Amino acid sequence: MSERVVECSFLIPIVGDTDRKRHKPIAWRMLQDAIHRLFKGLSGPERFLLVKDVDLVPGSYTEEATGRRVHDESRRYTVAIPEARLESLRALLRKAANTFDQKCVHLSVAGTVELVTAKREDGYLE
Amino acid sequence: MTKQAYETITGRKINLGRLSREEKRLLLAVRRKFRSHPSWSAFASWWTAELGQAGLTEKSPAYRICQDLEARLGIAEGKVGAPDYRDYLADLIEERYGSRYRFCKERGVDPGHLSRVLASRSELSLESLRSLLGALGAVLVVRGEKELLDHASPAVASRALAGVK
C-alpha cells in the first residue's frame, strides 16, 4: 500500500527579521540541499513530484515595537511529502528559521496553517 | 573560462566535458530556458522538476550549475544579496573536502560555529578567515562591487553554457 502523501507549502521571507537584508546565495542553496536530503531514500512504485513549485509571494506583518504594517516578499515552496516525513520537514524548517533569521516559518499542511518557531538549540541548515 | 567548464559565481569550475547523456540533455534544456529570461523563482521551480524527471540528484554537476544560475537570476532581480566570503568558503570546502563535516573534523573547526557563520548569524575574524582560507589553499582578495556583480550576471553564465554540446 502506498504511503499517504500530503501537500505542504512554507514561506521564507527574502529578508531577515533583524537587519532586513536580502539573504546570500549560500542560504538559499543550503535550504535547497536540505530539502533534497529530506527526500533522499524515498522509493516505491509511485513516482511523484517532490518539489511541486517555488514562487514569490507578497505578504505583510505588523512590527511589534511600532505597530506599523510592513510589506515584504516571501519565497513559497510547495512540496508533496509522505505524511511520515512531516516531522522531519518541521525540523528542517526550525533550522531554516534560524538560518534565515526568522522568528517563525509559516507552514501549511494540507491547508492547515501552523507557525514553526525555532530555538537556538535547533541549529542551522547545513 | 574555457568552453569545457562552467564557472560559478564563486569561481568554482565545473567540468562540462564528462557529462552523462541525461545531464547533457538537461543542461541543453536549461540553456534554452535560461535564455528565455525566466524569473528567479520560476526558474527554481522549473529546474527542480526537470532534474527529478531526468532521474538526477544533487550529486550531479547539473544540480550545482542550476543552483548557480538560479542565484544569478535572484541577484540580478534584487531578491538575493551579492555573495560574500561565506559563499566562497562553502564552495571551497565542498570542492576540496567533499563535506563540511570532513573539513571540520580534519581541520579541528567547530562545526556549530561554522554553521552559524555560513548562516550569517556569526562572523569570522579576519585572522580566522585567513587561517581557514589557508587550509583551503585560498587567499583573501578585495574586489570592486561592480566587478563582482558583473561576474555574477546571468549573461556571463549564459555564455558559459555554450560549452554544453
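**Before you click.** This is a predicted model, where local features need pLDDT of at least 70 and side-chain atom pairs count only at pLDDT 80 or more, while totals for chains, interfaces and linings use all residues. Residues are numbered from 1 along each chain as its sequence is written, chains are lettered from A and ligands numbered from 1 in the order in which they are written, and side-chain values use heavy atoms, with hydrogens and water left out.

**Stop 1: colour by confidence.** pLDDT is the predictor's confidence in each residue, from 0 to 100. For the complex, the predictor gives an ipTM of 0.92 and a pTM of 0.91. Select chain B: its mean pLDDT is 91, with 98% of its residues at 70 or more. Helices (H or I, at least four residues) and strands (E, at least two) are DSSP runs, numbered from the N terminus.

Now chain A, where the mean pLDDT is 85 and 89% of the residues reach 70 or more. Pick out residues 44–49 of chain A: pLDDT is below 50 there, and the stretch has 10 contacts in the model beyond near neighbours in sequence. A contact means heavy atoms within 4.5 Å. Where pLDDT is low, the predicted coordinates should not be read in detail.

**Stop 2: where chain A meets chain B.** Show both chains and select the contact, which takes 31 residues from chain A and 40 residues from chain B. About 2,900 Å² is buried between the two chains, and carbon and sulfur atoms give 49% of that. Buried area is the accessible area (1.4 Å probe) that two parts lose on being put together, summed over both.

How many salt bridges cross the interface of chain A and chain B? The rule finds six, a salt bridge being a side-chain nitrogen of Lys or Arg within 4 Å of a carboxyl oxygen of Asp or Glu. Zoom in on Arg64(B) and Asp33(A), whose side chains form a salt bridge at 3.2 Å, N to O.

On chain A, the elements giving two or more residues to the side that touches chain B are helix 1 (25–39), strand 2 (51–62), strand 3 (69–82) and helix 2 (86–99). Helix 1 of chain A gives the largest share of that side, eight residues.

**Stop 3: inside chain B.** Colour chain B by domain: the assignment gives domain 1 (5–79 + 147–163) and domain 2 (85–144), with bounds that come from an automatic or database domain assignment. The C-alpha centres of these two domains of chain B lie 24 Å apart. Their contact takes nine residues from domain 1 and seven residues from domain 2.

Between these domains of chain B, about 810 Å² is buried, with 41% from carbon and sulfur atoms. Highlight Thr10(B), Arg12(B) and Glu147(B): in domain 1 they lose the most area to domain 2, together 64% of what that side buries. The count between the two domains of chain B is four salt bridges. Then show the side chains of Glu147(B) and Arg143(B), which meet in a salt bridge (3.3 Å, N to O).

**Last stop: back to chain A.** Over all chains the structure holds 23 salt bridges. One to select is Glu83(A) with Arg4(A), where the closest N and O atoms are 2.7 Å apart. Glu83(A) lies in the loop between strand 3 and helix 2 of chain A and Arg4(A) in the segment before strand 1 (5–13), so this pair ties together parts 79 residues apart in sequence.
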